[in-house]
Amino acid sequence: MAAKLGDLLVRENLISRQQLRKALEYQRVHGGRLGNCLIQLGWVTGEDISAILCRQFGLPSINLPFFQVDPSIVKLIPPESAQKYQVLPLSRAGSTLTIATIDPTDVLAMDDLQFMTGFTIEPLVAAESAIREAIRKYYGGDGRTLELERGVGKTSVERVPVAVRESERDSSEQSPNAAEDLKQAAREAPVVRLVNRILSAALKQESSDIHIEPYEREFRVRFRVDGLLSTVMTPPLSLKDAVTSRIKIMAKLDISEKRLPQDGRMKIRLKKEGRGQDLDVRVSVLPTLHGEKVVLRLLDRDRLVLDMARLGFEPESLRRFESAILKPYGMVLVTGPTGSGKTSTLYSSITRLNRVESNILTAEDPVEFNLPGINQVQVKEQIGLTFATALRAFLRQDPNIVLVGEVRDLETAEIAIKAALTGHLVLSTLHTNDAASTVSRLTNMGVEPFLVATSVHLICAQRLVRRICGHCRQAAESPVESLIEAGFAPSEASRIPTIRGRGCDACNHTGYRGRVGLFEVMEIGDGLRELIVRGGTSTQLKQRAVQDGMITLRASGMQKIRDGVTTLEEVLRETDR
């Protein structure tokens, strides 16, 4: 919070960067919150800080000296908790308790108060001096004296003292009881509630990933929503090891191992919109300079789109793609960078093909979702179960359709091509920039061009762009020159009704909510097949595919702009001309 508040004040030109450095030095010597230090130095007022926090977090403020609190409301929060968190209860409406606080981002405080009172906490921002005076008025005693005596702001550190001390050692130097101490710290109620709150908030915001990152002077939590990361909270730095240990325990990882990366998985049940929901979570732990960084991939089955018509294909591209996957044999490749939606496209494809008369086998790393009626194999390279090994075994299992998570090497490519040429439909992915360059990638691996030409029926390249929020979409001024540079004809650019999201609560004030795919579907017809055998370049292949009717990634994005689905900025971010 300190660094964040300081940066906000500098950004608003209320203090200089030099004053911020001096205030941080003053804070190290005298203690206390950064805001109070700046007030003592005479550089800002309490009202300045309250106004900044209100604007930053979209919260209203309250002038406490002019507000009278009912004594029955004051009793809802004990004096010890009011002192510890520097809060004051103000009013109650149904199951909601409104409080005044100097720090609305203190997740542990809000969580503890909610747990303690049983009410949903709604914070209002007040000046620190006004909070102290109000606590003295309603609870008695001197706020400043009680703060020093009871250690305001230190409770979270004191609850997990062993974890904090032990985390500063290398795991090879830890005492025999260190692992047990970490387990105990991870089971402390505030830590458990903080982790649950992070997971619940991520599910509510429809986040795909949670990044929990320790730095030298900051502990940061970021959510990836619609492909972009943003900071959502900065818990106390002292909790980093306890939070990491809690997640490792949930994922059944070794909490005493801090030197090596670890991967795990857990299934949790959370409430979303009043109903319980099961959520699969992939956990990756990586040792960094200042502690272990944890990334959690949330696999929410309710958000998995298995209807191909809803993925974002243009009608002609969808017709070509479905025609290829409905053939009894051959290879269909889906390409694109990590996070471009390849798994959703493949899962949609095999869901479309999943019939009782078909034997479908998949080799995945990792298996993201369990699909009924489909035999899914988790690749484990450390024990020798590679994609190539799994593929060989599949061919002895009488398959009709085979899905290979990724063609990573020549061995896997050769077995997949053999399967495609011997009466099986093979679906797989590669990491390439567009459809045409996939052919070059295969030949560079060592696959003969004639094998690529005869086995591959279709290559689909894809990207994901953010959708304009449906709740706050509105017409905007059309950037004609930018549209022309993107590829629109001048006559069309002036007529396109540009749509943007204004920003609202539903989209977290970003103007976007959800994502849609851009698709480049290259069907391998006779002309392309002949060009591949002759060793044509990626550029030549792309030109021929466009002549044959292929819609490029950029053209797909331009169509989404015409339809008012996304913006020019999103398309330019994800595609080249």
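Trainee: What makes A493 count as buried or exposed?

Mentor: Bear in mind that this is a predicted model. The relative accessibility of A493 is 0%, and buried means under 20%, so A493 counts as buried. A493 sits in helix α22, residues 490-493.

Trainee: Which residues is A493 in contact with, leaving aside its neighbours within four places in sequence?

Mentor: S478, V480, L483, I484 and F488. Contact here means heavy atoms within 4.5 Å. As for S482, its C-alpha is 8.8 Å from that of A493, and 11 residues separate the two in sequence.

Trainee: How do you know whether T101 is buried or exposed?

Mentor: Same test. The relative accessible area of T101 is 1%, and the limit is under 20%, so T101 is buried. T101 belongs to strand β2, residues 96-101. Beyond its neighbours within four places in sequence, T101 has contacts with Q86, V87, M110, P123, L124, V125, A126 and I131.

Trainee: Why is α14 described as largely enclosed by the rest of the structure?

Mentor: Because 10 of the 11 residues of α14 are buried. Among them are charged ones such as K240, D241, R246 and K248, along with A242, V243, I247 and M250.

Trainee: Is K252 buried or exposed, and how do you know?

Mentor: Exposed: its relative accessible area is 76%, and exposed means over 50%.

Trainee: Where else does a residue other than glycine have a positive phi?

Mentor: N508 is one, with phi near 60 degrees. Look for N508 in the loop between β17 and β18 (512-523).

Trainee: What makes the peptide bond from D365 to P366 cis?

Mentor: Its omega, which is near 0 degrees. Most peptide bonds are trans. You'll find P366 in the loop between β11 (360-364) and β12 (375-378).

Trainee: On to the rings. How many aromatic pairs does the structure hold?

Mentor: Three.

Trainee: Why is the pair of F313 and F519 called stacked?

Mentor: Take the centres to begin with: they are 3.8 Å apart, and rings pair if their centres lie within 6.5 Å. Then the planes: the angle between them is 15 degrees, and stacked means under 30 degrees. Both tests pass, so this is a stacked pair.

Trainee: What does that pair tie together?

Mentor: Parts that are 206 residues apart in sequence, since F313 lies in the loop between β9 (291-299) and α15 (315-325), while F519 is in strand β18. F313, at 9% relative accessibility, counts as buried, and F519 does too, at 2%.

Trainee: What makes Y347 and F369 edge-to-face?

Mentor: Their planes are 75 degrees apart, and edge-to-face means over 60. The centres are 6.3 Å apart, within the 6.5 Å limit. Y347 lies in helix α16 (residues 342-353) and F369 in the loop between β11 and β12, so the pair ties together parts 22 residues apart in sequence. Y347 and F369 are both buried.

Trainee: Which residues do ring pairs link into a cluster?

Mentor: F313, F321 and F519.

Trainee: What classes of residue make up the lining of the largest cavity?

Mentor: Six nonpolar, four polar and two charged. Gly counts as polar, which puts G564 of the lining in that class.

Trainee: And for the chain as a whole, how many helices and strands are there?

Mentor: The protein chain has 26 helices and 18 strands. Buried residues make up 50% of its 577 residues.

Conventions:
Residues are numbered from 1 along each chain as its sequence is written. This is a predicted model: local features need pLDDT of at least 70, side-chain atom pairs count only at pLDDT 80 or more; totals for chains, interfaces and linings use all residues. Side-chain values use heavy atoms; hydrogens and water are left out. Helices (H or I, at least four residues) and strands (E, at least two) are DSSP runs, numbered from the N terminus. Buried means under 20% relative accessible area, exposed over 50%, partly exposed in between (1.4 Å probe, protein chains only). On a 1 Å grid over the protein atoms alone, a cavity is a set of points where a 1.4 Å probe fits but cannot get out, and a pocket is an open set with protein on both sides within 12 Å along at least five of seven lines; lining residues have an atom within 4 Å of a point. Rings of Phe, Tyr and Trp (its six-membered ring) pair if their centres lie within 6.5 Å; planes under 30 degrees apart count as stacked, over 60 as edge-to-face and the rest as tilted.
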